[in-house]
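Q: Could you help me learn to read contacts and ring pairs in a protein model, one feature at a time?

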Amino acid sequence: MSGYATSDAGPDPTALKLLVAGGFGVGKTTFVGAVSEISPLRTEALMTSAGQDSDPLPDDSTKTFTTVALDFGRITIPRPRQMIVFLFGFPGQERFWFSWDELSYGAVGAVVLADTRRLGDCFEAIDFFERRRLPFVVAVNEFEPPERRYPPEAVRDALGLPEHVPLISCDARDRQSSLDVLRTLTAHALSRLTAPMGVSP
Ligand SMILES: Nc1nc2c(ncn2[C@@H]2O[C@H](COP(=O)(O)OP(=O)(O)OP(=O)(O)O)[C@@H](O)[C@H]2O)c(=O)[nH]1
Ligand SMILES: [Mg+2]
C-alpha cells in the first residue's frame with residue numbers, strides 16, 4: 001500500500017498492516033479503539049444466544065456487544081521515517097472465524113490477546129498464525145487484579161509458546177500500554193523479515 005502524500009511532499013510513508021486477534025471478548029475492539037488516531041470503524045452487534053454455547057464469557061462480564069466483521073483503526077508513526085499502521089481487529093466468536101483468512105491478507109504481523117482466566121481461548125489464533133508463519137506476539141490483557149496474575153513463564157508454558165515469540169502484558173484500555181504492544185510486534189516482525197511471511201486469501 002502506498003500513495004499517501006506527506007504534508008511536506010516528502011517520500012510516501014511506509015504502510016504496515018497489523019492484526020489484533022484472540023478469543024471472544026478478550027479486548028480486541030478495546031485495543032484498536034485505544035490506539036487508533038481516527039475514530040475506529042467498528043462492526044458491533046448486540047449479542048444473541050447464538051454464540052452462548054460455543055463462546056461463554058466469565059460470570060462477571062458485562063459485555064453486551066460483539067464484533068461481527070472487523071475493527072479498523074490507523075496510527076501514524078512520524079519518526080524516524082513516517083509509517084502508517086493499519087490495524088485490523090478480528091471478530092472473536094467462533095461462528096465468524098471463517099473471515100480471518102481474508103482479513104489477514106497482506107498483514108506483516110499480529111497481536112494475539114490473551115486472558116489468563118480463559119487462556120485456551122487464544123489457541124485458535126496462535127495456531128492460525130503459526131500455520132501461516134506470520135510473526136505474532138502474545139499480549140496478556142490484564143483483567144485480573146495484581147495478586148491473581150501469573151508469572152510470564154507460567155503463561156508461556158501453558159500456551160506452549162516457543163522462546164522466539166514475545167510475550168508481554170498490557171491493559172487494552174490504555175493507549176500507551178497498547179502502543180507498547182505494537183512496538184514490540186513491529187520490532188519482532190521486522191526482525192523476521194527474512195522468514196517467509198504473508199497470507200493468501
Ligand atoms: N478489566 C478490564 N476490562 C477490559 C479490558 N479490556 C477490555 N475490557 C472490557 O472487556 C469487554 C470486552 O472487550 P471487547 O473489546 O469488546 O472484546 P473483543 O475481544 O473485541 O470481543 P469480540 O469482538 O466479541 O470477540 C469490554 O466490556 C471491555 O470494556 C481490560 O484490560 N481490563
Ligand atoms: Mg470485538
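A: Let us begin with a single residue and its surroundings, keeping in mind that this is a predicted model. Aside from residues up to four places away in sequence, aspartate 115 touches Val26, Asn141 and Phe143.

Q: Where does aspartate 115 lie, and is aspartate 115 buried or exposed?

A: Aspartate 115 belongs to the loop between β5 (109-114) and α3 (123-132). Buried means under 20% relative accessible area, and aspartate 115 counts as buried because its relative accessibility is 3%. The side chain of aspartate 115 also makes a polar contact of 2.9 Å with the side chain of arginine 117.

Q: How many aromatic pairs does a search of the whole structure find, and what does edge-to-face say about a pair?

A: The search finds nine aromatic pairs. A pair is called edge-to-face when the ring planes are over 60 degrees apart. Phenylalanine 90 and phenylalanine 128 are one edge-to-face pair, at 6.1 Å centre to centre and with 85 degrees between the planes. Phenylalanine 90 lies in the loop between β4 (83-89) and α2 (100-104), whereas phenylalanine 128 lies in helix α3, so this pair ties together parts that are 38 residues apart in sequence.

Q: Which residues form one aromatic cluster?

A: The cluster is formed by Phe90, Trp97, Trp100, Phe128, Phe129 and Phe136. Among them, phenylalanine 90 is buried at 0% relative accessibility, and phenylalanine 128 is buried with a relative accessible area of 5%.

Q: Which charged end sits over the ring of phenylalanine 128?

A: That is the charged end of arginine 132, which sits 3.7 Å from the centre of the ring.

How values were computed. Residues numbered from 1 in each chain as written. Chains lettered and ligands numbered in written order. Predicted model: local features only at pLDDT ≥ 70, side-chain atom pairs only at ≥ 80, totals over all residues. Heavy atoms only, no water. Helix = DSSP H or I, 4+ residues; strand = E, 2+ residues; numbered from the N terminus. Buried < 20%, exposed > 50% of the residue type's maximum accessible area, 1.4 Å probe, protein only. Polar contact = N/O pair within 3.5 Å; in protein donor to acceptor, adjacent residues only side chain to side chain. Contact = heavy atoms within 4.5 Å. Phe/Tyr/Trp six-rings, centres within 6.5 Å; stacked < 30°, edge-to-face > 60°. Lys NZ or Arg CZ within 6 Å of the ring centre and 35° of its normal.
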